[in-house]
2 protein chains.
Amino acid sequence: MGIVVQKFGGTSVADAVKIRKAAQRAIDAAKKGNNVVVVASARGKQTDHLIADAMELNSNPPRREMDQLLSTGEQQTVSLMAIAMHGMGQKAVSMTGGQIGMRTDSVFSKARIQSIDAKKIHAEFDKGNIVIVAGFQGIDENGNTTTLGRGGSDTSAVALAAALKADVCEIYTDVDGIYTADPRVYKKAIKMKQISYDEILELASLGAGVMHGRSIEFGKKYDVTIHVRSSLVDIEGTLITHEVPQMEGILVSGATSQKNLAKIGLIGVENTPGTAAKIFAHLAGAKVSVNDIIQTEVSKEKANLSFTVGNSDLLDAKTAIEELKSSIKYDKIFIREDIAEISVVGVGMRSHYGVANKMFDALAKAKVNIDSITTSEIRISCIVDEDQAETALIAVCDAFELDKPAEKRSK
Amino acid sequence: MGIVVQKFGGTSVADAVKIRKAAQRAIDAAKKGNNVVVVASARGKQTDHLIADAMELNSNPPRREMDQLLSTGEQQTVSLMAIAMHGMGQKAVSMTGGQIGMRTDSVFSKARIQSIDAKKIHAEFDKGNIVIVAGFQGIDENGNTTTLGRGGSDTSAVALAAALKADVCEIYTDVDGIYTADPRVYKKAIKMKQISYDEILELASLGAGVMHGRSIEFGKKYDVTIHVRSSLVDIEGTLITHEVPQMEGILVSGATSQKNLAKIGLIGVENTPGTAAKIFAHLAGAKVSVNDIIQTEVSKEKANLSFTVGNSDLLDAKTAIEELKSSIKYDKIFIREDIAEISVVGVGMRSHYGVANKMFDALAKAKVNIDSITTSEIRISCIVDEDQAETALIAVCDAFELDKPAEKRSK
């Protein structure tokens, strides 16, 4: 008798047909002898509608009240799913974040989970119930409703799986797993059977967007096996697990391209201690999210410093840099808006040489110019012209044979 | 510094404009130096939409889950109203039934309030907040969400007013008060300044429908002054209070007509002890709500027994009576579907003679035939032909001068 947590996103519960389909998944798992927890998001565009309702009344709504408002979306889904299950002959009970004891801090709109009362769920298991928990929400120590921010329902599901020591946390979504690259660009991309938390974290931050980074960090911390799979067809998806030895044999697990990036370069920045710190502290203060930073010394006194940001942050970043004009000396500022970042990710890089060379070689053969390069322990990223992003990704995928299962690639 | 409870029904908070208008009412009361509690219902047709969503999944949804679902409607309204108030510069906090400590029993869909934690509200008053409470809902001892059934938001408001010993419980609605008769039928009807709990209870049960009887009973029990007034215009409405001496000087406070009634008569019922009890116990078992009962002895052995029910209960009532055929002996059954009940209500009846005569006389002059008559201490009701209902009501209203303020009527 195992414990299975199943999470269904908004598109998987958007209407009555989909709610029944999701309910059937949970019933199937229960019939196999499992105790089942379902975590559900708000139906379809419900959250967007509620946000619009609030904005009509106040363009700067207080966060506590927004959390109180938005949490109703998930509450509706879980009670409707319980109603559906009863109609299908399955005992089930819906639970809000508060009812399940999903205790968080009081940072409204992006609260962090502090503890979960697993006893309450076990008590419902003992009554033969499937427990349907409203995702994305919790309750603080004063009884206020909180929400967990972006990707919150994934976090709820993984946290519940951790608290219950569940066998698996299944994330049902509209794709059937995680692919070696975006199949819309690299048509030969194939689904991965398994990937490590660290790899998916690099892929997620690079825009692969299957799951929010925070829920994966949670899964990594508590060693929760996450199964990303399709809510439409009943086939195996991709397992996200801790690193296993065979992963090291794989040079590159996946590749991504991220567009809508801009690069800001400061030429001839005064090369004194604390300069970079001052710049990035100021950017952080302006709520600019900086991706990659590259600094090179050009002389004893001067350096070139560049960093990439999302296009939507470019204006704020420019303003912030201009505000520093009096306190930071530099010769010239330049901005490039037409760039993309191509990355390859794989824990195998730790033990294999030549990955970077292979990537640069593939890009050169495809006549893609590399603007700049950054690396982490398990990632290599190249900034390229935006209009070469597709060409670059395809070239890199072909080079690392991302159209073949890992075991069939040449070593 | 007083305490004011204001209740806004679904039509008074149906859209952003109306929510702001309701918020302004509360802010105005706060600016006068009052501590203010707002009780709000679900917006417009939200509850109906949620019921339809549930029925699509299960035509017999479990009540616990329906309560969990429907309570979201009120939760949305209160957070939206708090958001509106913040935008209008007013400190405010929304509260669900659970957050406010509105403790009920566990009879889902028609729970009864057991206690309210007034301390929580006072703590919010101390912070300068208007407290906006989700009506219609509570929480049971196990943390399950409950709802209070029909007229539940009125009950929430009156119960809160009682718990806080509020100066007044204002019920905002789309009419501007309680009239001496339905102005759609009796065009000269005027608004009453004041009416007693007992009178409004008789009027409510007779179909005047301004407030649900349960909330008025609550008000009577805890002596809460209820002010029924318009959400559209800022004029005095009608006060519902305990009986005051000057009410005794008023012969009749109001008159009503109730249509959609049916009468079932049993002719020649065996006149033995326990017969009526057996009949009405069986009707109650069939969930038939019986209005008036009239029994007359026609001989030592036999009686005629008749009772009225709403048209919607007629079929169930007929079936129930037929089921009794073997155990209850009677000569004949007859059914009239085309009847209406005309009633006059007034605590003054207790100390004045001739009210009944005056009513019968008015009906006779208007050539309205009286089928049967029932009375209570403060009410006289006549069953008449349904197509004479309007004529009858107008005649009775004219006779008791219900077009004039009480103090200007002839004694």
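# Exercises on a predicted two-chain model

Chain A has an average pLDDT of 93, and 99% of its residues score at least 70. The model is predicted, with an ipTM of 0.85 and a pTM of 0.86.

**Exercise 1.** Describe the side of chain A that touches chain B: how many residues are in contact, and which elements supply them?

*Solution.* Start with the count: 28 residues of chain A are in contact with 28 residues of chain B. Next, assign them to elements. Those of chain A that give two or more residues are helix H1 (16-31), helix H2 (46-57) and helix H3 (63-87). H3(A) gives the most, with 13 residues. Finally, sort this side of chain A by residue class: 12 are nonpolar, 12 polar and four charged.

**Exercise 2.** Work out the strand order of the six-stranded sheet in chain B, and explain why E14 and E17 stand at its edges.

*Solution.* The order is E14-E15-E13-E16-E18-E17, in an open sheet with antiparallel pairing. Strand E14 (290-297) and strand E17 (370-376) of chain B each have a single partner strand, so one side of each lacks a neighbour in the sheet. Neighbouring strands are turned by 30° against each other on average, direction ignored.

Now take one pair from this order. Strand E16 (332-345) and strand E18 (379-385) of chain B run antiparallel and are joined by seven bridges. B:Val345 has B:Arg379 in E18(B) as its bridge partner. Helix H11 (389-399) of chain B packs on the sheet, where it touches strand E13 (254-270), E16 and E18 of chain B. The direction of H11(B) makes about 115° with that of E13(B).

**Exercise 3.** Decide where the buried residues of helix H8 (275-285) of chain B lie around its axis, and what covers them.

*Solution.* List the buried residues first: B:Thr275, B:Ile279 and B:Leu283. Seen down the axis of H8(B), they fall within an arc of 65°, so they line one face of the helix. The general rule behind such a pattern is that an α-helix has 3.6 residues a turn, so residues three or four places apart point the same way.

Then identify the cover, which includes E13, E14 and helix H9 (314-323) of chain B. The face turned away from the buried side carries the exposed residues B:Ala277, B:Ala281, B:Ala284 and B:Gly285. After H8(B) comes B:Lys287, with a positive phi near 60°.

Notes
Residues numbered from 1 in each chain as written. Chains lettered and ligands numbered in written order. Predicted model: local features only at pLDDT ≥ 70, side-chain atom pairs only at ≥ 80, totals over all residues. Contact = placed C-beta atoms within 7 Å. Helix = DSSP H or I, 4+ residues; strand = E, 2+ residues; numbered from the N terminus. Nonpolar A, V, L, I, M, F, W, Y, C, P; charged D, E, K, R; others polar. pLDDT = per-residue confidence, 0-100. Pairing = 2+ DSSP bridges. Axes fitted to C-alpha atoms, helices over the stretch in contact; angles between N-to-C directions. Buried ≥ 20, exposed ≤ 12 C-beta atoms within 10 Å, placed from the backbone. Arc of directions from axis to C-beta.
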